[in-house]
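User: I'd like to go through this one label by label and see what stands behind each term. Could you put it up?

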Amino acid sequence: MERKYILAVKAMDGYVLQVDFVSGSRLLLDMKPYLDKIRFRPLADPQVWNSAVANGIFVRFGNVELSHDELLSMAEREHNPKDI
(Lines give C-alpha, C1' and ligand atoms only; values in the text may rest on other atoms or scores of the structure.)
Protein backbone atom coordinates (compact mmCIF):
# COMPACT_ATOMS: atom_id res chain seq x y z
CA MET A 1 0.00 0.00 0.00
CA GLU A 2 1.43 3.34 -1.03
CA ARG A 3 0.50 6.25 1.21
CA LYS A 4 -0.11 9.69 -0.20
CA TYR A 5 0.18 12.81 1.93
CA ILE A 6 0.77 15.62 -0.55
CA LEU A 7 -2.00 16.49 -2.99
CA ALA A 8 -0.37 19.42 -4.81
CA VAL A 9 2.54 21.83 -4.63
CA LYS A 10 3.06 25.31 -6.03
CA ALA A 11 6.24 27.40 -6.02
CA MET A 12 5.07 30.94 -5.34
CA ASP A 13 6.75 34.35 -5.61
CA GLY A 14 9.24 35.23 -2.89
CA TYR A 15 10.31 31.59 -2.44
CA VAL A 16 7.15 30.59 -0.60
CA LEU A 17 6.20 26.98 -1.20
CA GLN A 18 2.50 26.15 -1.07
CA VAL A 19 1.84 22.52 -0.18
CA ASP A 20 -1.70 21.12 -0.19
CA PHE A 21 -2.14 17.92 1.77
CA VAL A 22 -4.72 15.20 1.18
CA SER A 23 -6.10 16.01 4.65
CA GLY A 24 -7.26 19.38 3.31
CA SER A 25 -4.55 21.33 5.12
CA ARG A 26 -2.39 23.87 3.33
CA LEU A 27 1.17 24.80 4.28
CA LEU A 28 2.85 28.01 3.17
CA LEU A 29 6.54 27.47 3.80
CA ASP A 30 9.04 30.32 3.47
CA MET A 31 12.08 28.76 1.83
CA LYS A 32 14.20 31.96 1.78
CA PRO A 33 16.07 31.08 5.01
CA TYR A 34 17.22 27.81 3.43
CA LEU A 35 18.54 29.14 0.12
CA ASP A 36 22.05 29.73 1.51
CA LYS A 37 22.36 26.06 2.53
CA ILE A 38 24.31 23.92 0.05
CA ARG A 39 21.46 21.48 -0.41
CA PHE A 40 18.93 24.18 -1.29
CA ARG A 41 21.10 26.60 -3.31
CA PRO A 42 19.75 25.29 -6.65
CA LEU A 43 16.30 26.59 -5.64
CA ALA A 44 17.55 30.17 -6.00
CA ASP A 45 17.48 29.60 -9.77
CA PRO A 46 13.94 30.61 -10.87
CA GLN A 47 13.82 27.79 -13.41
CA VAL A 48 14.57 25.19 -10.73
CA TRP A 49 12.25 26.87 -8.21
CA ASN A 50 9.34 26.82 -10.64
CA SER A 51 9.89 23.14 -11.48
CA ALA A 52 8.31 21.95 -8.20
CA VAL A 53 6.29 18.75 -8.50
CA ALA A 54 4.80 16.35 -5.95
CA ASN A 55 4.27 12.61 -6.12
CA GLY A 56 2.19 12.19 -2.97
CA ILE A 57 5.11 11.75 -0.59
CA PHE A 58 7.90 13.99 -1.91
CA VAL A 59 8.24 17.46 -3.39
CA ARG A 60 10.94 17.62 -6.05
CA PHE A 61 12.76 20.52 -7.67
CA GLY A 62 15.03 18.77 -10.15
CA ASN A 63 17.61 17.02 -7.93
CA VAL A 64 16.39 18.61 -4.69
CA GLU A 65 13.85 16.49 -2.84
CA LEU A 66 11.84 17.15 0.32
CA SER A 67 9.78 14.49 2.07
CA HIS A 68 6.40 15.07 3.66
CA ASP A 69 7.99 14.68 7.11
CA GLU A 70 10.79 17.09 6.30
CA LEU A 71 8.33 19.74 5.10
CA LEU A 72 6.42 19.50 8.38
CA SER A 73 9.65 19.68 10.37
CA MET A 74 10.71 22.80 8.44
CA ALA A 75 7.32 24.39 9.14
CA GLU A 76 7.80 23.77 12.86
CA ARG A 77 11.21 25.45 12.70
CA GLU A 78 9.59 28.58 11.23
CA HIS A 79 8.04 29.08 14.65
CA ASN A 80 11.41 28.55 16.35
CA PRO A 81 13.89 30.39 14.06
CA LYS A 82 16.88 29.66 16.29
CA ASP A 83 16.73 26.06 15.02
CA ILE A 84 17.34 26.96 11.34
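Analyst: Here are some questions on the labels, each answered from its definition.
This is a predicted model, where local features need pLDDT of at least 70 and side-chain atom pairs count only at pLDDT 80 or more, while totals for chains, interfaces and linings use all residues. Residues are numbered from 1 along each chain as its sequence is written, and side-chain values use heavy atoms, with hydrogens and water left out.

User: Why is Trp49 called buried?

Analyst: Buried means under 20% relative accessible area, exposed over 50%, and partly exposed in between (1.4 Å probe, protein chains only). Trp49 has 4% relative accessibility, so it counts as buried. By that same cut-off, 32% of the 84 residues of the chain are buried.

User: Which residues is Trp49 in contact with, leaving aside its neighbours within four places in sequence?

Analyst: Contact means heavy atoms within 4.5 Å. With those neighbours left out, the list for Trp49 is Ala11, Met12, Tyr15, Val16, Leu17, Met31, Leu43 and Phe61. Ala11 is 38 residues away along the chain, yet the two C-alpha atoms are separated by 6.4 Å.

User: What makes Trp49 and Met12 a polar pair?

Analyst: A polar contact is a pair of N or O atoms within 3.5 Å; within protein, one must be able to donate a hydrogen and the other to accept it, and residues adjacent in sequence count only if both atoms are side-chain atoms. Here the backbone oxygen of Met12 lies 3.0 Å from a polar atom of the Trp49 side chain.

User: How do you know that β2 and β3 pair?

Analyst: Strands (E, at least two residues) and helices (H or I, at least four) are DSSP runs numbered from the N terminus, and two strands pair if DSSP finds at least two bridges between them. β2 (residues 16-21) and β3 have five bridges, in the antiparallel sense. Val16, for instance, has Asp30 in β3 as its bridge partner.

User: Why are β1 and β3 called edge strands?

Analyst: The open sheet has the order β1-β2-β3, with antiparallel pairing. β1 (6-12) and β3 (26-30) each have a single partner strand, so one side of each is left without a neighbour in the sheet.

User: What makes the radius of gyration agree with a compact globule?

Analyst: The radius is taken over C-alpha atoms, and the globule rule is 2.2 Å times the number of residues to the power 0.38. For 84 residues a compact globule would come near 12 Å; the chain has 12 Å, so the two agree.
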